Amino acid sequence: MTTTEKVAYITGGAQGIGRGISDHLLANGWRVMVVDIDREAGEQYLAEQRKREEEGSSTRLCFQAIDVCDEATVAASIAQTVEVFGRLDAVINNAAIANPFQGKLEELTLERWHQVLNTSLTSSFLTAKHAARHLREHGGCIINMASSRAIQSEPDTEAYAASKGGIVALTHAMAMSLGPEIRVNAVSPGWIDVSGRQKTAPSETLSTQDHAQHPVGRVGHVEDIAALVAFLISDKAGFITGQNHIVDGGMTRKMIYAE
Ligand code: NAI
């Protein structure tokens with residue numbers, strides 16, 4: 001199948017923020033390849049999308065169950081995406097072991113350290129490496145999902161913080177190497193409520209304080225991130241590359257001293 005509609009490749013897109021980005025792009029005429037290690041979540045998403053299609057829209061979503069840490073798998077998955085959709089315009093590197101708290105530094109195993117860095121940081125290198133030649137054809141974009149934890153921390157978050165700090169640096173390095181044809185930006189979410197787009201319903205609900213502590217008065221929505229990503233990969237953002245865009249309701253600008 002070939003198409004003139006734009007095509008996005010989203011890692012970790014079966015649920016959470018990645019799925020929100022996919023929903024947003026699908027609603028705006030993009031075709032999307034979602035890849036995720038969680039086959040069940042991906043198939044659930046695909047089934048829900050197919051149901052919507054029966055209600056009117058055309059097939060725009062594909063899903064592959066893959067591990068983004070494996071180079072040969074990533075290379076084959078990107079090649080297959082181009083084969084299925086005929087082109088590639090944007091890569092959204094969103095997959096991660098999204099829990100920042102991986103235990104105390106002195107007890108953190110090297111294996112877990114590598115797992116956290118590979119899933120988020122190394123995978124972003126791998127997709128860029130194998131997608132670059134396709135992205136160049138139409139002037140494409142890469143978005144790397146970082147975190148406000150790239151620039152601030154709580155205890156016991158070393159591997160996650162390092163992976164996200166690495167992503168911010170990888171982003172400006174790739175922007176220099178891949179420009180002018182390909183623009184590369186990082187997005188750093190703060191606290192985003194992903195409960196509406198998870199495979200399983202959340203066990204806890206957000207408190208009034210969770211919202212009120214944010215300068216904007218609320219925890220973030222998946223749509224807050226999706227809207228920015230959509231802007232950054234559009235032609236309207238043609239003068240923006242190599243940057244880290246923080247979307248955190250003002251939390252990283254808030255000075256906090258104990259009373
Ligand atoms: P999530 O856990 O809902 O989604 C992450 C997805 O990545 C999951 O579907 C998971 O199966 C997939 N994944 C994990 N390992 C994989 C692998 N090896 N291969 C392929 N897929 C894999 O997490 P969420 O909250 O949606 O986070 C998405 C991104 O946003 C992550 O990069 C996270 O670090 C970042 N972020 C999230 C924040 C939040 O408050 N939700 C805050 C700051 C950053």
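## Ligand shell

In what follows, Ala, Val, Leu, Ile, Met, Phe, Trp, Tyr, Cys and Pro count as nonpolar, Asp, Glu, Lys and Arg as charged, and the others, Gly among them, as polar. On that basis the shell around the ligand divides into 15 nonpolar, eight polar and four charged residues. The model is predicted: local features need pLDDT of at least 70 and side-chain atom pairs pLDDT 80 or more, while totals for chains, interfaces and linings use all residues. Residues are numbered from 1 along each chain as its sequence is written, and side-chain values use heavy atoms, without hydrogens and water.

The ligand is surrounded by 27 residues (a heavy atom within 4 Å); Ile17, Asp36, Asn94, Tyr160 and Gly190 are the closest. Helix H1 (16–27) and helix H5 (158–178) each supply at least two shell residues (helices are DSSP runs of H or I, at least four residues; strands are runs of E, at least two; both are numbered from the N terminus).

## Strand S5

Five of the five residues of strand S5 (residues 141–145) are buried, so S5 is largely enclosed by the rest of the structure (buried: under 20% relative accessible area, 1.4 Å probe, protein chains only). Cys141, Ile143 and Met145 point one way from S5, and Ile142 and Asn144 the other way.

Asn144 is the bridge partner of Asn93 and stands opposite Ala186 in S6.

Definitions and conventions
Buried means under 20% relative accessible area, exposed over 50%, partly exposed in between (1.4 Å probe, protein chains only). Two strands pair if DSSP finds at least two bridges between them.
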